[in-house]
Amino acid sequence: MSLKIYNTLTSKKETFIPIEKDTVKMYVCGPTVYDTSHIGHARSVVVFDMIFRWLTRIGYAVTYVRNFTDVDDKIIKKSNETGEACAAITEKYIDEFHNEMDALNVLRPTMEPKATEHITHIIAFVEKLIDKGKAYAVDDGNVYFSIDAFETYGRLSGRNPEDMRAGSRIAVEEKKKNPLDFTLWKPAKPGEPYWESPWGKGRPGWHIECSAMSHEYLGEGFDIHGGGKDLIFPHHENEIAQSEALFGTQFVKYWIHNGFVDINNEKMSKSLGNFTMIKDVLEKYSPEVIRMFLLSNHYRSPIDYSEQSMYEVGMGLDRIYGFLKRLENLGITPDAGNTPGGGPLWQAFSDAMNDDFNSAKAMAAVFETVKKGNKMLDQASDRPDEAVLSELAQIRTDMAAISGILGIFLETPSAWFAAKKDKGMADMAVTPEQVEALIAERTQARKDRNFARADEIRDQLQDMNIILEDGPGGTVWRFA
(Lines give C-alpha, C1' and ligand atoms only; values in the text may rest on other atoms or scores of the structure.)
Protein backbone atom coordinates (compact mmCIF):
# COMPACT_ATOMS: atom_id res chain seq x y z
CA MET A 1 0.00 0.00 0.00
CA SER A 2 1.48 3.34 -1.04
CA LEU A 3 1.51 6.27 1.36
CA LYS A 4 -1.46 8.61 1.13
CA ILE A 5 -1.50 12.03 2.78
CA TYR A 6 -4.43 14.38 3.35
CA ASN A 7 -3.36 17.62 1.71
CA THR A 8 -4.91 20.75 3.23
CA LEU A 9 -4.25 22.57 -0.05
CA THR A 10 -6.52 20.24 -2.06
CA SER A 11 -8.76 19.04 0.81
CA LYS A 12 -8.29 15.40 -0.15
CA LYS A 13 -6.01 12.42 0.33
CA GLU A 14 -3.32 12.11 -2.29
CA THR A 15 -0.74 9.46 -3.08
CA PHE A 16 2.57 10.76 -1.80
CA ILE A 17 5.09 11.31 -4.59
CA PRO A 18 8.12 13.31 -3.46
CA ILE A 19 9.66 15.94 -5.69
CA GLU A 20 12.95 14.04 -5.71
CA LYS A 21 12.90 10.24 -5.72
CA ASP A 22 13.60 8.62 -2.32
CA THR A 23 14.06 12.04 -0.68
CA VAL A 24 11.68 14.04 1.51
CA LYS A 25 12.12 17.65 2.53
CA MET A 26 9.87 18.68 5.42
CA TYR A 27 9.45 21.96 7.30
CA VAL A 28 7.35 22.28 10.47
CA CYS A 29 6.64 25.53 12.31
CA GLY A 30 8.13 25.40 15.79
CA PRO A 31 7.35 27.40 18.94
CA THR A 32 7.69 31.07 19.69
CA VAL A 33 10.00 30.82 22.69
CA TYR A 34 8.70 33.34 25.19
CA ASP A 35 7.08 31.00 27.73
CA THR A 36 6.67 27.40 28.85
CA SER A 37 5.21 25.10 26.19
CA HIS A 38 1.72 23.68 26.62
CA ILE A 39 0.18 20.31 25.73
CA GLY A 40 -1.01 21.68 22.36
CA HIS A 41 2.59 22.36 21.36
CA ALA A 42 3.47 18.81 22.41
CA ARG A 43 0.83 17.31 20.15
CA SER A 44 2.20 19.00 17.04
CA VAL A 45 5.77 18.03 17.89
CA VAL A 46 4.90 14.40 18.68
CA VAL A 47 2.70 14.04 15.57
CA PHE A 48 5.43 15.26 13.22
CA ASP A 49 8.02 13.19 15.09
CA MET A 50 5.89 10.11 14.27
CA ILE A 51 5.61 11.25 10.63
CA PHE A 52 9.38 11.79 10.49
CA ARG A 53 10.00 8.31 11.89
CA TRP A 54 7.57 6.66 9.47
CA LEU A 55 8.94 8.39 6.39
CA THR A 56 12.42 7.30 7.42
CA ARG A 57 11.24 3.73 8.15
CA ILE A 58 9.74 3.29 4.69
CA GLY A 59 12.97 4.25 3.02
CA TYR A 60 13.08 8.00 2.50
CA ALA A 61 16.09 10.17 3.25
CA VAL A 62 14.35 12.90 5.23
CA THR A 63 15.58 16.43 5.82
CA TYR A 64 13.42 17.71 8.66
CA VAL A 65 13.56 21.39 9.59
CA ARG A 66 11.70 22.84 12.60
CA ASN A 67 12.34 26.47 13.51
CA PHE A 68 12.36 28.58 16.64
CA THR A 69 10.76 32.04 16.49
CA ASP A 70 13.10 33.96 18.79
CA VAL A 71 12.13 37.55 17.91
CA ASP A 72 8.51 38.53 18.44
CA ASP A 73 6.25 41.05 20.19
CA LYS A 74 5.55 38.54 22.99
CA ILE A 75 9.25 38.02 23.64
CA ILE A 76 9.85 41.77 23.75
CA LYS A 77 6.91 42.26 26.10
CA LYS A 78 8.29 39.59 28.45
CA SER A 79 11.68 41.27 28.34
CA ASN A 80 10.15 44.63 29.27
CA GLU A 81 8.16 43.06 32.11
CA THR A 82 11.06 41.09 33.60
CA GLY A 83 14.05 43.24 32.70
CA GLU A 84 15.68 40.13 31.24
CA ALA A 85 17.36 40.33 27.83
CA CYS A 86 15.40 38.85 24.92
CA ALA A 87 18.25 36.46 24.09
CA ALA A 88 18.33 35.15 27.66
CA ILE A 89 14.56 34.57 27.61
CA THR A 90 14.61 32.70 24.31
CA GLU A 91 17.58 30.51 25.27
CA LYS A 92 15.89 29.62 28.56
CA TYR A 93 12.71 28.45 26.84
CA ILE A 94 14.55 26.69 24.02
CA ASP A 95 16.42 24.65 26.65
CA GLU A 96 13.16 23.94 28.48
CA PHE A 97 11.47 22.91 25.22
CA HIS A 98 14.32 20.53 24.38
CA ASN A 99 14.26 18.97 27.85
CA GLU A 100 10.51 18.36 27.66
CA MET A 101 10.63 16.97 24.13
CA ASP A 102 13.55 14.72 25.07
CA ALA A 103 11.43 13.40 27.96
CA LEU A 104 8.66 12.64 25.44
CA ASN A 105 11.16 10.68 23.34
CA VAL A 106 11.01 13.15 20.45
CA LEU A 107 13.87 12.87 17.97
CA ARG A 108 15.69 16.09 17.15
CA PRO A 109 15.01 17.40 13.64
CA THR A 110 17.78 17.57 11.08
CA MET A 111 18.00 21.33 11.66
CA GLU A 112 16.50 23.78 14.17
CA PRO A 113 17.15 27.28 12.81
CA LYS A 114 16.40 30.44 14.76
CA ALA A 115 14.94 33.54 13.14
CA THR A 116 17.61 35.83 14.62
CA GLU A 117 20.34 33.77 12.93
CA HIS A 118 18.80 34.40 9.49
CA ILE A 119 18.21 38.16 9.40
CA THR A 120 20.51 38.52 6.37
CA HIS A 121 18.48 35.94 4.45
CA ILE A 122 15.21 37.59 5.49
CA ILE A 123 16.34 41.06 4.36
CA ALA A 124 17.49 39.67 1.01
CA PHE A 125 14.15 37.90 0.59
CA VAL A 126 12.24 41.14 1.24
CA GLU A 127 14.46 43.14 -1.12
CA LYS A 128 13.77 40.70 -3.95
CA LEU A 129 10.01 40.90 -3.33
CA ILE A 130 10.20 44.70 -3.58
CA ASP A 131 12.28 44.47 -6.76
CA LYS A 132 9.62 42.22 -8.33
CA GLY A 133 6.82 44.60 -7.41
CA LYS A 134 5.29 42.14 -4.91
CA ALA A 135 6.02 44.24 -1.82
CA TYR A 136 6.45 47.91 -1.00
CA ALA A 137 8.12 50.04 1.65
CA VAL A 138 6.49 53.06 3.26
CA ASP A 139 8.18 56.07 4.84
CA ASP A 140 7.70 54.90 8.44
CA GLY A 141 10.02 51.90 7.99
CA ASN A 142 7.35 49.28 7.38
CA VAL A 143 7.48 46.93 4.42
CA TYR A 144 4.27 45.21 3.31
CA PHE A 145 3.49 42.35 0.98
CA SER A 146 0.88 43.30 -1.61
CA ILE A 147 -1.74 40.56 -1.82
CA ASP A 148 -3.11 42.16 -5.01
CA ALA A 149 0.16 41.10 -6.64
CA PHE A 150 -0.63 37.44 -5.89
CA GLU A 151 -3.74 36.27 -7.69
CA THR A 152 -4.35 33.01 -5.83
CA TYR A 153 -4.18 34.45 -2.30
CA GLY A 154 -6.54 32.52 -0.01
CA ARG A 155 -6.51 29.14 -1.71
CA LEU A 156 -4.99 27.22 1.24
CA SER A 157 -7.57 28.45 3.75
CA GLY A 158 -10.43 28.68 1.24
CA ARG A 159 -10.92 32.39 2.01
CA ASN A 160 -11.99 34.97 -0.53
CA PRO A 161 -9.87 38.15 -0.31
CA GLU A 162 -12.77 40.30 -1.42
CA ASP A 163 -14.94 38.99 1.42
CA MET A 164 -12.13 39.57 3.90
CA ARG A 165 -11.52 43.07 2.57
CA ALA A 166 -15.21 43.97 2.92
CA GLY A 167 -15.14 43.08 6.62
CA SER A 168 -11.91 44.91 7.46
CA ARG A 169 -11.10 48.45 8.55
CA ILE A 170 -8.05 50.49 7.70
CA ALA A 171 -6.58 52.26 10.70
CA VAL A 172 -5.88 55.95 10.13
CA GLU A 173 -2.15 55.63 10.71
CA GLU A 174 -1.68 52.69 8.38
CA LYS A 175 -0.30 53.26 4.91
CA LYS A 176 -1.25 49.94 3.37
CA LYS A 177 -2.50 49.82 -0.19
CA ASN A 178 -4.86 47.03 0.81
CA PRO A 179 -6.03 46.37 4.39
CA LEU A 180 -5.07 42.71 3.94
CA ASP A 181 -1.45 43.46 3.03
CA PHE A 182 0.80 41.95 5.70
CA THR A 183 4.06 43.00 7.31
CA LEU A 184 7.41 41.74 6.05
CA TRP A 185 9.57 44.18 8.02
CA LYS A 186 8.68 46.54 10.85
CA PRO A 187 10.52 49.48 12.43
CA ALA A 188 11.86 49.01 15.93
CA LYS A 189 10.40 51.03 18.75
CA PRO A 190 12.70 52.61 21.36
CA GLY A 191 14.26 49.95 23.57
CA GLU A 192 13.40 47.08 21.21
CA PRO A 193 15.97 44.79 19.55
CA TYR A 194 16.69 45.75 15.97
CA TRP A 195 18.82 45.06 12.92
CA GLU A 196 20.03 47.50 10.29
CA SER A 197 18.18 47.26 6.98
CA PRO A 198 17.60 49.28 3.80
CA TRP A 199 14.41 50.54 5.48
CA GLY A 200 16.00 51.56 8.75
CA LYS A 201 16.44 49.87 12.09
CA GLY A 202 13.86 47.15 12.54
CA ARG A 203 13.02 43.47 12.68
CA PRO A 204 11.23 40.90 10.53
CA GLY A 205 7.53 40.13 10.51
CA TRP A 206 6.48 36.67 11.62
CA HIS A 207 5.51 35.16 8.27
CA ILE A 208 8.64 36.05 6.34
CA GLU A 209 11.01 34.20 8.67
CA CYS A 210 9.65 30.75 7.76
CA SER A 211 9.76 31.45 4.02
CA ALA A 212 13.37 32.64 4.29
CA MET A 213 14.53 29.75 6.48
CA SER A 214 12.74 27.02 4.52
CA HIS A 215 14.28 28.41 1.32
CA GLU A 216 17.71 28.47 2.92
CA TYR A 217 17.62 24.79 3.90
CA LEU A 218 15.12 23.16 1.54
CA GLY A 219 15.16 25.26 -1.63
CA GLU A 220 12.49 27.03 -3.67
CA GLY A 221 10.00 24.17 -3.39
CA PHE A 222 9.77 21.20 -1.05
CA ASP A 223 7.55 18.24 -0.16
CA ILE A 224 5.84 18.76 3.20
CA HIS A 225 5.03 21.76 5.36
CA GLY A 226 3.29 21.18 8.67
CA GLY A 227 1.94 22.73 11.83
CA GLY A 228 -1.24 23.16 13.85
CA LYS A 229 -4.55 24.02 12.19
CA ASP A 230 -4.38 27.48 13.73
CA LEU A 231 -1.48 28.28 11.38
CA ILE A 232 -3.43 27.73 8.16
CA PHE A 233 -4.50 31.37 8.15
CA PRO A 234 -2.83 33.74 8.12
CA HIS A 235 0.65 32.27 8.66
CA HIS A 236 0.77 29.50 6.08
CA GLU A 237 -1.40 31.40 3.64
CA ASN A 238 1.09 34.27 3.78
CA GLU A 239 4.06 31.95 3.44
CA ILE A 240 2.62 30.63 0.19
CA ALA A 241 1.99 34.14 -1.13
CA GLN A 242 5.43 35.57 -0.46
CA SER A 243 7.36 32.45 -1.54
CA GLU A 244 5.46 31.74 -4.75
CA ALA A 245 5.34 35.44 -5.65
CA LEU A 246 9.13 35.53 -5.47
CA PHE A 247 10.11 32.26 -7.10
CA GLY A 248 7.17 31.62 -9.42
CA THR A 249 7.06 27.93 -8.53
CA GLN A 250 4.97 25.83 -6.15
CA PHE A 251 6.15 26.46 -2.61
CA VAL A 252 4.98 23.23 -0.95
CA LYS A 253 3.45 20.09 -2.45
CA TYR A 254 1.70 18.65 0.65
CA TRP A 255 0.35 20.66 3.58
CA ILE A 256 -0.27 18.74 6.84
CA HIS A 257 -2.09 20.28 9.83
CA ASN A 258 -2.80 18.65 13.19
CA GLY A 259 -5.94 19.19 15.28
CA PHE A 260 -6.19 20.95 18.63
CA VAL A 261 -6.01 19.65 22.20
CA ASP A 262 -9.10 20.47 24.26
CA ILE A 263 -9.17 20.35 28.06
CA ASN A 264 -12.19 18.60 29.59
CA ASN A 265 -14.16 19.25 26.39
CA GLU A 266 -13.33 22.97 26.39
CA LYS A 267 -10.96 24.88 24.15
CA MET A 268 -7.66 25.45 25.94
CA SER A 269 -7.18 29.12 26.79
CA LYS A 270 -5.57 31.22 29.49
CA SER A 271 -8.86 33.05 30.12
CA LEU A 272 -10.50 29.76 31.12
CA GLY A 273 -7.59 28.84 33.35
CA ASN A 274 -7.07 25.49 31.58
CA PHE A 275 -3.79 26.26 29.86
CA THR A 276 -2.06 22.96 30.63
CA MET A 277 1.72 23.07 30.49
CA ILE A 278 3.81 20.09 29.41
CA LYS A 279 6.00 20.26 32.51
CA ASP A 280 2.93 19.96 34.75
CA VAL A 281 1.64 16.95 32.83
CA LEU A 282 5.09 15.31 33.04
CA GLU A 283 4.95 15.61 36.83
CA LYS A 284 1.73 13.55 36.93
CA TYR A 285 2.11 11.01 34.16
CA SER A 286 4.69 8.79 32.56
CA PRO A 287 6.09 10.32 29.35
CA GLU A 288 4.97 7.20 27.47
CA VAL A 289 1.40 7.69 28.68
CA ILE A 290 1.47 11.31 27.48
CA ARG A 291 2.91 10.34 24.12
CA MET A 292 0.39 7.53 23.66
CA PHE A 293 -2.43 9.94 24.53
CA LEU A 294 -1.23 12.44 21.93
CA LEU A 295 -1.26 9.71 19.26
CA SER A 296 -4.48 8.01 20.36
CA ASN A 297 -6.63 9.99 17.90
CA HIS A 298 -5.99 10.60 14.22
CA TYR A 299 -3.72 13.62 14.02
CA ARG A 300 -6.27 15.75 12.14
CA SER A 301 -8.96 15.17 14.77
CA PRO A 302 -9.24 17.10 18.03
CA ILE A 303 -8.25 15.30 21.19
CA ASP A 304 -9.56 15.89 24.70
CA TYR A 305 -7.20 15.96 27.68
CA SER A 306 -8.77 14.96 31.00
CA GLU A 307 -7.92 12.90 34.05
CA GLN A 308 -10.22 10.16 32.75
CA SER A 309 -8.68 10.07 29.30
CA MET A 310 -5.17 9.87 30.75
CA TYR A 311 -6.25 7.10 33.11
CA GLU A 312 -7.72 5.10 30.22
CA VAL A 313 -4.60 5.57 28.12
CA GLY A 314 -2.44 4.51 31.06
CA MET A 315 -4.47 1.35 31.54
CA GLY A 316 -4.18 0.60 27.83
CA LEU A 317 -0.42 0.93 27.99
CA ASP A 318 -0.38 -1.35 31.03
CA ARG A 319 -2.25 -3.98 28.99
CA ILE A 320 0.43 -3.85 26.32
CA TYR A 321 3.23 -4.12 28.86
CA GLY A 322 1.34 -6.90 30.67
CA PHE A 323 1.31 -8.94 27.46
CA LEU A 324 4.99 -8.20 26.83
CA LYS A 325 5.71 -9.34 30.39
CA ARG A 326 4.05 -12.69 29.68
CA LEU A 327 6.25 -13.05 26.60
CA GLU A 328 9.30 -12.05 28.62
CA ASN A 329 8.49 -14.80 31.13
CA LEU A 330 8.62 -17.28 28.24
CA GLY A 331 11.98 -15.95 27.11
CA ILE A 332 10.50 -14.26 24.02
CA THR A 333 12.35 -11.04 23.28
CA PRO A 334 12.68 -8.76 20.23
CA ASP A 335 15.95 -10.58 19.51
CA ALA A 336 14.14 -13.80 18.67
CA GLY A 337 15.59 -13.89 15.13
CA ASN A 338 12.48 -12.77 13.30
CA THR A 339 12.45 -10.03 10.69
CA PRO A 340 10.39 -6.94 11.61
CA GLY A 341 7.49 -6.71 9.21
CA GLY A 342 7.06 -10.44 8.85
CA GLY A 343 3.67 -10.84 10.52
CA PRO A 344 0.06 -9.69 10.19
CA LEU A 345 0.46 -7.12 12.97
CA TRP A 346 3.12 -5.24 11.04
CA GLN A 347 1.02 -5.38 7.87
CA ALA A 348 -2.02 -3.95 9.66
CA PHE A 349 0.13 -1.30 11.30
CA SER A 350 1.77 -0.34 8.00
CA ASP A 351 -1.59 -0.09 6.23
CA ALA A 352 -2.82 2.28 8.95
CA MET A 353 0.30 4.46 8.83
CA ASN A 354 0.20 4.61 5.03
CA ASP A 355 -3.40 5.79 5.29
CA ASP A 356 -2.54 9.37 6.25
CA PHE A 357 -0.50 8.39 9.31
CA ASN A 358 -3.54 6.96 11.10
CA SER A 359 -2.01 6.29 14.52
CA ALA A 360 -5.43 5.57 16.06
CA LYS A 361 -6.02 2.73 13.62
CA ALA A 362 -2.43 1.57 14.07
CA MET A 363 -2.89 1.38 17.84
CA ALA A 364 -6.15 -0.52 17.37
CA ALA A 365 -4.16 -3.16 15.49
CA VAL A 366 -1.73 -3.39 18.40
CA PHE A 367 -4.50 -3.83 20.96
CA GLU A 368 -6.26 -6.44 18.84
CA THR A 369 -3.00 -8.38 18.60
CA VAL A 370 -2.41 -8.10 22.36
CA LYS A 371 -5.91 -9.49 22.94
CA LYS A 372 -5.25 -12.34 20.50
CA GLY A 373 -1.84 -13.06 22.02
CA ASN A 374 -3.20 -13.21 25.57
CA LYS A 375 -5.89 -15.61 24.40
CA MET A 376 -3.26 -17.84 22.81
CA LEU A 377 -1.33 -17.87 26.07
CA ASP A 378 -4.45 -18.54 28.14
CA GLN A 379 -5.39 -21.50 25.96
CA ALA A 380 -1.89 -22.98 25.97
CA SER A 381 -0.72 -25.53 28.47
CA ASP A 382 2.16 -24.83 30.82
CA ARG A 383 4.41 -24.36 27.80
CA PRO A 384 2.95 -23.31 24.40
CA ASP A 385 3.88 -25.52 21.45
CA GLU A 386 6.49 -24.46 18.92
CA ALA A 387 3.97 -23.08 16.41
CA VAL A 388 2.45 -20.80 19.05
CA LEU A 389 5.87 -19.74 20.31
CA SER A 390 6.94 -18.89 16.76
CA GLU A 391 3.86 -16.76 16.17
CA LEU A 392 4.31 -14.99 19.49
CA ALA A 393 7.98 -14.35 18.71
CA GLN A 394 7.02 -12.70 15.42
CA ILE A 395 4.46 -10.55 17.22
CA ARG A 396 7.11 -9.47 19.73
CA THR A 397 9.55 -8.54 16.99
CA ASP A 398 6.92 -6.56 15.11
CA MET A 399 5.90 -4.77 18.29
CA ALA A 400 9.50 -3.72 18.83
CA ALA A 401 9.56 -2.21 15.33
CA ILE A 402 6.22 -0.47 15.99
CA SER A 403 7.48 0.97 19.25
CA GLY A 404 10.29 2.60 17.29
CA ILE A 405 7.73 4.44 15.13
CA LEU A 406 5.26 5.43 17.85
CA GLY A 407 7.92 6.03 20.49
CA ILE A 408 6.02 4.08 23.15
CA PHE A 409 6.32 0.71 24.96
CA LEU A 410 10.09 1.04 24.63
CA GLU A 411 10.86 -0.05 28.20
CA THR A 412 11.32 -3.62 29.30
CA PRO A 413 8.11 -4.83 30.98
CA SER A 414 9.94 -5.44 34.23
CA ALA A 415 11.34 -1.91 34.26
CA TRP A 416 7.93 -0.42 33.36
CA PHE A 417 6.04 -2.11 36.18
CA ALA A 418 8.83 -1.57 38.69
CA ALA A 419 8.74 2.15 37.95
CA LYS A 420 4.97 2.28 38.33
CA LYS A 421 5.13 0.49 41.65
CA ASP A 422 7.91 2.74 42.91
CA LYS A 423 6.41 6.03 41.77
CA GLY A 424 2.70 5.43 42.11
CA MET A 425 2.02 7.41 38.96
CA ALA A 426 -1.31 9.22 38.61
CA ASP A 427 -2.39 6.88 35.81
CA MET A 428 -2.58 3.99 38.31
CA ALA A 429 -5.97 3.05 39.72
CA VAL A 430 -4.44 2.64 43.18
CA THR A 431 -1.09 3.20 44.83
CA PRO A 432 1.33 0.28 45.26
CA GLU A 433 0.86 0.54 49.02
CA GLN A 434 -2.91 0.06 48.65
CA VAL A 435 -2.36 -2.98 46.43
CA GLU A 436 0.07 -4.54 48.89
CA ALA A 437 -2.35 -3.88 51.77
CA LEU A 438 -5.20 -5.59 49.89
CA ILE A 439 -2.95 -8.56 49.08
CA ALA A 440 -1.98 -8.88 52.74
CA GLU A 441 -5.66 -8.76 53.72
CA ARG A 442 -6.48 -11.42 51.12
CA THR A 443 -3.63 -13.65 52.37
CA GLN A 444 -4.96 -13.43 55.91
CA ALA A 445 -8.52 -14.08 54.72
CA ARG A 446 -7.36 -17.28 53.02
CA LYS A 447 -5.55 -18.37 56.18
CA ASP A 448 -8.78 -17.76 58.10
CA ARG A 449 -10.64 -19.76 55.41
CA ASN A 450 -12.71 -16.66 54.62
CA PHE A 451 -12.65 -17.47 50.90
CA ALA A 452 -15.55 -15.16 50.10
CA ARG A 453 -13.56 -12.14 51.27
CA ALA A 454 -10.43 -13.39 49.49
CA ASP A 455 -12.36 -13.70 46.21
CA GLU A 456 -13.91 -10.30 46.76
CA ILE A 457 -10.47 -8.70 47.06
CA ARG A 458 -9.23 -10.51 43.92
CA ASP A 459 -12.28 -9.23 42.00
CA GLN A 460 -11.76 -5.74 43.36
CA LEU A 461 -8.17 -5.68 42.11
CA GLN A 462 -9.16 -7.24 38.81
CA ASP A 463 -11.56 -4.34 38.26
CA MET A 464 -8.52 -2.09 38.60
CA ASN A 465 -6.70 -4.10 35.87
CA ILE A 466 -4.46 -5.74 38.47
CA ILE A 467 -3.82 -9.48 38.20
CA LEU A 468 -2.70 -11.60 41.17
CA GLU A 469 -0.45 -14.61 40.66
CA ASP A 470 -0.19 -17.06 43.57
CA GLY A 471 2.92 -19.16 43.85
CA PRO A 472 5.07 -21.06 46.34
CA GLY A 473 6.86 -17.84 47.24
CA GLY A 474 3.63 -15.94 47.88
CA THR A 475 1.44 -13.65 45.82
CA VAL A 476 2.83 -11.24 43.23
CA TRP A 477 0.86 -8.73 41.21
CA ARG A 478 0.99 -7.16 37.78
CA PHE A 479 -1.15 -5.02 35.54
CA ALA A 480 -3.46 -6.82 33.10
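Predicted model: local features only at pLDDT ≥ 70, side-chain atom pairs only at ≥ 80, totals over all residues.

Reader: How many residues does helix H16 have?

Author: H16 has 13 residues, 451-463. From first C-alpha to last, H16 reaches 18 Å, close to the 18 Å expected at 1.5 Å a residue. The expected span is 1.5 Å times one less than the number of residues. Helices (H or I, at least four residues) and strands (E, at least two) are DSSP runs, numbered from the N terminus.

Reader: Which residues in H16 are buried?

Author: Ala454, Ile457 and Leu461. Buried means under 20% relative accessible area, exposed over 50%, and partly exposed in between (1.4 Å probe, protein chains only).

Reader: Which exposed residues does the face turned away carry?

Author: Ala452 and Asp463. Just after H16, Asn465 takes a positive phi of about 65°.

Reader: New topic. How many salt bridges does a search of the whole structure find?

Author: The search finds 21. A salt bridge is a side-chain nitrogen of Lys or Arg within 4 Å of a carboxyl oxygen of Asp or Glu.

Reader: OK, Glu112. What does it form a salt bridge with?

Author: Arg66, with the closest N and O atoms 2.9 Å apart. Glu112 lies in the loop between helix H3 (86-103) and helix H4 (119-131), and Arg66 in strand S4 (residues 61-66), so the pair ties together parts that are 46 residues apart in sequence.

Reader: Is Arg66 buried or exposed?

Author: Arg66 is buried, at 3% relative accessible area. Glu112 is partly exposed, at 21%.

Reader: And what does Asp378 form a salt bridge with?

Author: Arg326, with the closest N and O atoms 2.9 Å apart. This pair links distant parts of the chain: Asp378 is in helix H12 (residues 359-379) and Arg326 in helix H10 (residues 307-329), 52 residues apart. Asp378 is exposed, with a relative accessible area of 54%.

Reader: Which side chain meets Lys372 in a salt bridge?

Author: Glu391 does, at 2.9 Å, N to O. Lys372 lies in H12 and Glu391 in helix H13 (residues 386-406), so the pair ties together parts that are 19 residues apart in sequence. Lys372 is partly exposed at 39% relative accessible area, and Glu391 is partly exposed at 32%.

Reader: Which residues do salt bridges that share partners join into one network?

Author: Asp73, Lys186, Glu192 and Arg203.

Reader: Switching to the backbone. Which peptide bond is cis?

Author: The bond from Phe233 to Pro234, with omega near 5°. Pro234 lies in helix H7 (residues 232-247). Most residues other than glycine have a negative phi, and most peptide bonds are trans.

Reader: So what is phi of Asp356?

Author: Near 60°, a positive value in a residue other than glycine. Asp356 lies in the loop between helix H11 (344-354) and H12. Asp356 is buried, with a relative accessible area of 0%.

Reader: And where is Phe409?

Author: Phe409 is in the loop between H13 and helix H14 (413-423). Phe409 has a positive phi of about 40°, although it is not a glycine. At 3% relative accessibility, Phe409 counts as buried.

Definitions and conventions
Residues numbered from 1 in each chain as written. Heavy atoms only, no water.
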